[in-house]
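Thanks for coming. Please have a look at the structure first.

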Amino acid sequence: MSKNIILQDLISRGNYRISLPCIIGRGNEANLILSDYSISHKHALIKDYDNQIWIEDLGSRNGVLVNESRIEGKSLLKSGDSILLGQTRLLVLKIGENLSEETIITHTLTPETEWDLDYKRLKFIYEITAELSGNTEITTFGEKVFSKFKEVFSQDRSYLALFQDDGSLRPILMDPLSDSAPISSGIVSRLFQNCESLLLEDALSDDSLKERESIMALKIRSALCVPLIYHNEIYGLIYLDRNIPGFYKEDDLKFLRSIAAILGPLIENSRLWSELKHHYNDAMKTLRDTEARLIDMERKAAYVHLAQAMAHEIRNPLVIIGGLVRRIAHSESGSPNREKFQAVISSVERVEAVLKEVDDFIRIPQPEVKLERIDRLVEGEIESHKPEWQGKGCTPTLSVNTSRIMIPLDSGLFKKALSMIFKEISFTIPQGASIKIVILDHNNDLEIIIGDIIKERRFCELYDPELQGKPWSLGLFLNIAHKIISDHGGRILLDPLAEAAFPIIIRMPRTHLNK
């Protein structure tokens, strides 16, 4: 005759008479079904072996404790022993061969215990929804949710991802972190094609999956995968797995599906909120940049009007002075003061040339860009200023340290800017100086360095406060070049510790931005 055993639930005080052998768990295949969510589907086996009663752990996730000590494999049982399975504590009341008249036979927990379990599940759902409703950042929220998942599902791996337009997955949360997704492509295909949740009790027993390399490589045995649905469309998924066959059952899938039904719209709303915030920040940045450009344009317009007014005020008396000096010099061609008159005429002509540059500066058009070879433009301007270089006893050398030499610009205006820069530095470079010109990459821009620079130095733009005390920063030629380069979206950078506008850096964008 087989032996029987009486167990008492120390919380509900319900008694169970079980015949041996008996599997205890919360799955349908168990002989004694306990509705405790922390108990595995097949948690423990109590059996009679060699006239002794043994309890064996069937690979449960929370283990088996006998008299407060966790067993390894199996352990002897005797009357009076306490057994802890998950959160359920049982007491061995009696062991014998015929106990049917002495016990009350029950196979489930009392309604109070069932209600306690439902309360815990509702509390779990409440906690994660409250966390997400109060935290719109998915990544911050995710770690806490996955931690709570661990308490219920004891997963080895967790994965939350959103589908892209091309069908690929963009990971939002992953635990543990990995360079690649921990989910098999076969599982994703099945979920996406069938639009339904997926339970794998043992992936290696599934004929459609066991041959897939991803299943073998990831060592997937038991897994849960549920879709995230919003407005009747699948936009993502939640995936959990455990490297123990048969670990997850239908109840686990139903619970995770319930959670996903709540999280689906919340996560999508959080994603949309993040996108909206990103677009808002971009719009605010664009607005600030536009405002700064308008202020800069107003300032430049004021400079132009000022320059125009000054040129007009200077030109009127200059024309009179120039004409008068020329007539005097012509009438006294043999006078010993002719050289003095000629010096005055040269000065007048130089001022007139400057005023012409001012007129040109006022009328500088907006650039009409197309792709041009920057090295050829620089070489051409070096050659056109050959007399200035020879006068200074120096020969500029050009080095091209990039293969990306085509950039969008207005070649005529850019050559004028280079010409203005070469004129500016020709006034200040010492006799016989070495002038190295290098074209190279600088992140996504192209850079032209004229002169030797000290890498540790911080270069600044022309209107930077650090250059306010530098008279050379007010040079007309330098300001004309600055306007042209700025109109191209570029920058002119100068050394605030230098004694002149040399060395100098020209930084040009590779992508033309319409202003």
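One definition before the sheet: two strands count as paired if DSSP finds at least two bridges between them. Also, keep in mind that this is a predicted model.

With that, take strand 3, residues 22-25, and strand 5, residues 44-49: they run antiparallel and are joined by three bridges. Within that pairing, Ile24 has Ala44 of strand 5 as its bridge partner. What does Ile24 stand opposite in strand 4? That is Leu32. Strand 4 covers residues 32-33, and it runs parallel to strand 3, with two bridges between them.

Moving on from strand 5, the next pairing is with strand 6, residues 52-57, which is antiparallel and has six bridges. There, Tyr49 is bridged to Gln52 in strand 6.

Put together, the sheet is open, has five strands in the order 4-3-5-6-9, and its pairing is mixed. Strand 4 and strand 9, the latter at 74-77, are at the edges; each has a single partner strand, so one side of each has no neighbour in the sheet.

Now the glutamate. Glu424 belongs to helix 9, which spans residues 411-428. Is Glu424 buried or exposed? Its relative accessible area is 10%, and the cut-off for buried is under 20%, so Glu424 is classed as buried.

As for what surrounds Glu424, leaving out residues up to four places away in sequence, the contacts are Trp472, Gly475, Phe477, Leu478 and Ala501. Of these, Phe477 is 53 residues from Glu424 along the chain, while their C-alpha atoms are separated by 6.0 Å.

Notes:
Residues are numbered from 1 along each chain as its sequence is written. This is a predicted model: local features need pLDDT of at least 70, side-chain atom pairs count only at pLDDT 80 or more; totals for chains, interfaces and linings use all residues. Side-chain values use heavy atoms; hydrogens and water are left out. Helices (H or I, at least four residues) and strands (E, at least two) are DSSP runs, numbered from the N terminus. Buried means under 20% relative accessible area, exposed over 50%, partly exposed in between (1.4 Å probe, protein chains only). Contact means heavy atoms within 4.5 Å.
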